[in-house]
Amino acid sequence: MSAALAQHALRDPRVAALSWSALGTTIALRVADETRAPAARAAVEAELAAIDSACSRFRADSGLSHLNASAGRPVRVSPLLLEAIVLALRAASLTDGAVDPTVGRALELIGYDRDFAELEPASGVPVAPPAQPGRVLARARSGWRTVRVQSAAGIVTLPAGISLDLGATAKAWAADRAATAATAAAGCGTLVAVGGDVACAGPASASGWPVRVSDDHRDEAGGELVTIRDGGLATSSTSTRRWRHEGSTMHHIIDPSTGMPAEGRWRTVSVAAGDCTDANIACTAAIVLGSGAVAWLTATGLPARLVRDDGYTLRLSGWPDA
């Protein structure tokens, strides 16, 4: 099921609009009843803090860091981390491995081994070429199917040398959970955006939720505006989260078949779905699939907007015209 999308409408003046920083990105919260905003924000902050504690690759005290450091032996994980891992493996299954959580080591090798704010900014140098064939083969053999999950016991086993990164699913999942928590706390409709991942819960405001879709969620003028009334909307882009490493520009969307930044034909893909998690799985897969993205997205029936490097924009399955 996809989210209800329409052309942009004016924002209801009774809606509260808040923003702050967390999880290495910008958090935006919209609350249909401005008097309920404090309760909604408290619920969002609590949800995001719990997910960061469970799923961060950059916190030494996180559940994920402990699991990655224990690769090669079984580890009992928290229910929250277990759910996040099961979700990430579902994403891999749905996309036939295009979205693979076992790219943690690949990200470390291209320099993404600490919080993004600490990386050297990119300076227009071309994206690095794919890895050498032997290196590709070694990584391809160590994919998502090698992760063992014993759900009833809460135990996860990673093969030695494997490191998980949940960035392709956890932030969108955080947006879904935070929106649900905010609506429960506030008793009214809410929208939560975690960077480019947007989720809403409860009744929308009278005019719906306006969302700007662009290469960079921080851009307040570019792209286009749409209105979402339910579900979620996610955007993945190779134009943002770029850094310089060993003389080349890197970005955060990894092609699991090469272990290097994806080099597909689309620089930005946005998708609407029944929840933000599924929307983000689809748009990330489309970036990796490149020339195969249009057929794959069309088969899903999800509204999508794809932007090529030269700016050409393609809209699929009912995505509204600009």
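Trainee: Which residues of H7 meet residues of H8?

Mentor: Ala282, Ala285, Ala286 and Leu289 of H7 meet Ala293, Trp296 and Leu297 of H8, where contact means heavy atoms within 4.5 Å. Helices (H or I, at least four residues) and strands (E, at least two) are DSSP runs, numbered from the N terminus. This is a predicted model, in which local features need pLDDT of at least 70 and side-chain atom pairs count only at pLDDT 80 or more, while totals for chains, interfaces and linings use all residues. Residues are numbered from 1 along each chain as its sequence is written, and side-chain values use heavy atoms, with hydrogens and water left out.

Trainee: How do the axes of H7 and H8 cross?

Mentor: An axis is a line fitted to C-alpha atoms, for helices over the stretch in contact, and angles between N-to-C directions run from 0 to 180 degrees. The axes of H7 (residues 276-289) and H8 (residues 293-300) come within 8 Å and cross at roughly 155°. The two helices are therefore roughly antiparallel to each other, a term for angles over 145 degrees. The contact of H7 with H8 holds 7 nonpolar residues, no polar ones and no charged ones; Ala, Val, Leu, Ile, Met, Phe, Trp, Tyr, Cys and Pro count as nonpolar, Asp, Glu, Lys and Arg as charged, and the others, Gly among them, as polar.

Trainee: What is the strand order in the open sheet of 3 strands?

Mentor: Strands of a sheet pair through backbone hydrogen bonds, either parallel or antiparallel. In this open sheet the order is S4-S6-S5, with antiparallel pairing, and two strands are said to pair if DSSP finds at least two bridges between them. Strands S4 (74-76) and S5 (148-150) are the edge strands, each pairing on one side only, and the twist from one strand to the next averages 20°. Between S4 and S6 (residues 155-157) the antiparallel pairing runs over 3 bridges, and proline 74 has threonine 157 of S6 as its bridge partner. Helix H3 (residues 79-94) lies across S5 and S6, running at about 135° to S5.

Trainee: Which residues form the covered face of S18, and which the uncovered one?

Mentor: In a regular strand the side chains alternate between the two faces of the sheet. In S18 (residues 313-316), Leu314 and Leu316 make up the covered face, whereas Thr313 and Arg315 make up the uncovered one. S18 pairs with S17 (residues 304-308) in the antiparallel sense over 4 bridges, and arginine 305 stands opposite arginine 315. The hairpin of S17 and S18 has 4 residues between the strands, and glycine 311 there takes a positive phi near 95°.

Trainee: Where is leucine 23 placed, and what is its phi?

Mentor: Most residues other than glycine have a negative phi. Leucine 23, in the loop between S2 (16-22) and S3 (25-31), has a positive phi near 55°. With a relative accessible area of 21%, leucine 23 is partly exposed, that is, between buried (under 20%) and exposed (over 50%), with a 1.4 Å probe and protein chains only. Serine 317, in the segment after S18, also has a positive phi, of about 50°, and at 35% relative accessibility serine 317 counts as partly exposed.

Trainee: How many residues does the largest nonpolar core have?

Mentor: A nonpolar core is a set of buried Ala, Val, Leu, Ile, Met, Phe, Trp, Tyr and Cys residues joined through side-chain atoms within 4.5 Å. The largest has 72 residues, of which Val44, Cys55, Leu67, Leu166, Val269 and Leu297 touch the most other members. H3 gives the largest share of this core, 10 residues. Apart from this core lies another, of 13 residues, including Leu191 and Trp319.

Note on methods: Parallel < 35°, antiparallel > 145°, perpendicular 65-115°, else oblique.
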